[in-house]
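This report concerns the aromatic pairs and nonpolar cores of a predicted model. The structure is shown first, and the description follows.

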Amino acid sequence: MPRYQAPRGTRDLLPADRAVFLRLEGIARSLAVRYGFSPIETPLFEQSEVFERGVGAVTDVVEKELFRVQAGRGDQERERWALRPEPTAGIVRAYVQHGMQTLPQPVRLTLTGPMFRYDRPQAGRYRQFWQFDVEAIGDAGPAIDAEIVELGLRFYREAGLDGVEVILNSIGDAACRPAYVERLRAWFMEREDRLPELERERLGTNPLRLLDSKDERMAELIAAAPTIADHLCAECATHFAAVRRHLEVLGVTPRLDPRLVRGLDYYTRTTFEFYRSGAEGQQQALGGGGRYDGLVELLGGKPTPGIGFGIGLDRVALALSAAGGSEPVAPRVPVVVAGADPEDTVTRLAIATRLRAAGITARADLAVRKLGRQLEAAAREGAHLVVICGDEMAAGQVQVKDLEAGTQRRVELADLAREIERTLAQHRHGAGEA
Ligand code: HAM
């Protein structure tokens with residue numbers, strides 16, 4: 001076994017995997033443009049407090065999974081930092097910091113990139129994973145809630161993943177949730193002797209988290225516990241009904257689950273998760289999101305509503321490969337420049353450089369080896385055309401061998417790029433189509 005390995009819970013995206021991710025990122029980018037979201041990038045790390053306040057101190061993500069960053073010895077700033085476990089808190093921090101509340105609202109932002117959670121690694125659960133995230137800040141809904149849910153579903157469809165459904169709930173707001181949480185606490189208190197140790201501790205700090213427990217001993221209790229659906233205030237109930245009405249018009253039928261609470265503290269009202277219906281094995285969310293009407297204020301801005309989602313690209317890639325829909329395809333180079341004189345790497349490199357300058361994807365064979373070996377290598381790579389630099393060079397010509405058609409012909413060097421483009425245009429090549 002090699003001495004150095006990627007850290008546990010992380011993985012290298014080798015070219016074939018990266019090609020799948022690039023395709024998913026491309027779909028994310030195109031959808032974001034179509035739906036009017038502008039790209040934003042925030043640092044991979046923030047002051048820990050952004051997550052502690054934003055995501056919530058009593059959440060798994062902050063309590064157990066935050067990667068805290070140790071500053072260098074010479075660092076005088078003495079700030080506490082952490083790698084981002086999710087993008088929403090950082091994006092809202094940027095919204096406040098850059099005074100985006102003065103822009104036309106809502107501000108629609110999107111980000112795709114790696115997130116970090118120190119979680120127990122298993123299939124589909126990594127310590128570094130990718131999310132496609134969208135946020136609409138400054139609109140209280142309900143129409144935009146439906147718009148965002150529909151956008152999420154469209155992403156899976158365009159990625160080629162069938163049968164993804166949305167599980168929907170409203171978890172109330174500052175007016176009605178506190179009373180419900182107290183009700184829930186009291187209910188579980190009456191059954192405290194049946195609670196596992198960890199859940200008993202959580203009962204004191206964050207009773208809602210009990211509904212999200214993965215402990216099997218909790219299943220029966222959770223099923224019987226009071227639900228928020230029966231405790232929504234009139235405003236929240238009206239909002240939730242309107243979200244569902246808008247979804248219906250868009251042709252989206254959500255599965256309502258009054259026990260969906262989500263693992264992050266900033267949520268209010270609309271919450272949702274995306275799952276593959278009928279997927280085998282342990283059900284893992286392919287994405288999730290919701291409304292966070294208190295978050296901007298919590299991070300120092302004026303009270304401003306917001307809503308968004310994060311889609312887990314690693315899990316989408318896994319689901320695609322399990323469904324046989326998107327087998328990773330290694331990108332191939334359509335054109336290889338070879339030469340009869342093994343030593344003459346200068347000519348091969350010069351011609352490949354000219355082709356690249358003309359916009360053609362090409363590789364020069366820079367190994368000092370016989371032409372036969374260069375041709376074998378090109379065939380193994382799945383190259384379409386091989387440009388062979390030989391004696392004809394004296395007359396300003398090269399041979400172009402078409403490995404797919406099994407033909408070979410002379411081409412004027414001056415026409416080479418145009419000729420190659422014409423041939424390639426009749427086929428489709430390139431990493432982008434993986
Ligand atoms: P989240 O539910 O914590 O929400 O994560 C969103 C998605 O990221 C999950 O549904 C899952 O697909 C993926 N994911 C989470 N953890 C892991 C992991 N350890 N390994 C692989 N994939 C993972 C959020 O992060 C919120 N910021 C979503 C949001 C945006 N809410 C409002 N705006």
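## Aromatic pairs and nonpolar cores

In this predicted model, the structure holds 12 aromatic pairs. Two of them are set out below.

| Pair | Geometry | Centre to centre | Angle between planes |
|---|---|---|---|
| Phe132 and Phe155 | tilted | 5.3 Å | 45 degrees |
| Phe274 and Phe309 | edge-to-face | 6.2 Å | 90 degrees |

Phe132 and Phe155 are buried. The pair of Phe274 and Phe309 likewise links distant parts of the chain: Phe274 belongs to strand 9 (residues 268-276) and Phe309 to strand 11 (residues 306-312), 35 residues apart. Phe274 and Phe309 are both buried. Through ring pairs, Phe132, Phe155, Tyr156, Phe272, Phe274 and Phe309 are linked into a cluster.

The largest nonpolar core comprises 61 residues, and those with the most contacts inside it include Leu24, Ile148, Phe155, Tyr156 and Phe272. Helix 5 (residues 143-159) contributes the largest share of this core, nine residues. Apart from neighbours within four places in sequence, Ile148 is in contact with Phe37, Val134, Ala136, Phe272, Ile307, Gly308 and Phe309. A second, separate core has 30 residues, among them Val92, Leu109, Ile137 and Tyr292.

Arginine side chains also meet aromatic rings. Arg108 lies over the face of Phe37, at 5.1 Å from the ring centre. The charged end of Arg244 sits over the ring of Phe240, 4.4 Å from its centre.

Technical notes:
Residues are numbered from 1 along each chain as its sequence is written. This is a predicted model: local features need pLDDT of at least 70, side-chain atom pairs count only at pLDDT 80 or more; totals for chains, interfaces and linings use all residues. Side-chain values use heavy atoms; hydrogens and water are left out. A nonpolar core is a set of buried Ala, Val, Leu, Ile, Met, Phe, Trp, Tyr and Cys residues joined through side-chain atoms within 4.5 Å. Buried means under 20% relative accessible area, exposed over 50%, partly exposed in between (1.4 Å probe, protein chains only). Helices (H or I, at least four residues) and strands (E, at least two) are DSSP runs, numbered from the N terminus. Contact means heavy atoms within 4.5 Å. Rings of Phe, Tyr and Trp (its six-membered ring) pair if their centres lie within 6.5 Å; planes under 30 degrees apart count as stacked, over 60 as edge-to-face and the rest as tilted. A charge sits over a ring if NZ of Lys or CZ of Arg is within 6 Å of the ring centre and within 35 degrees of the ring normal.
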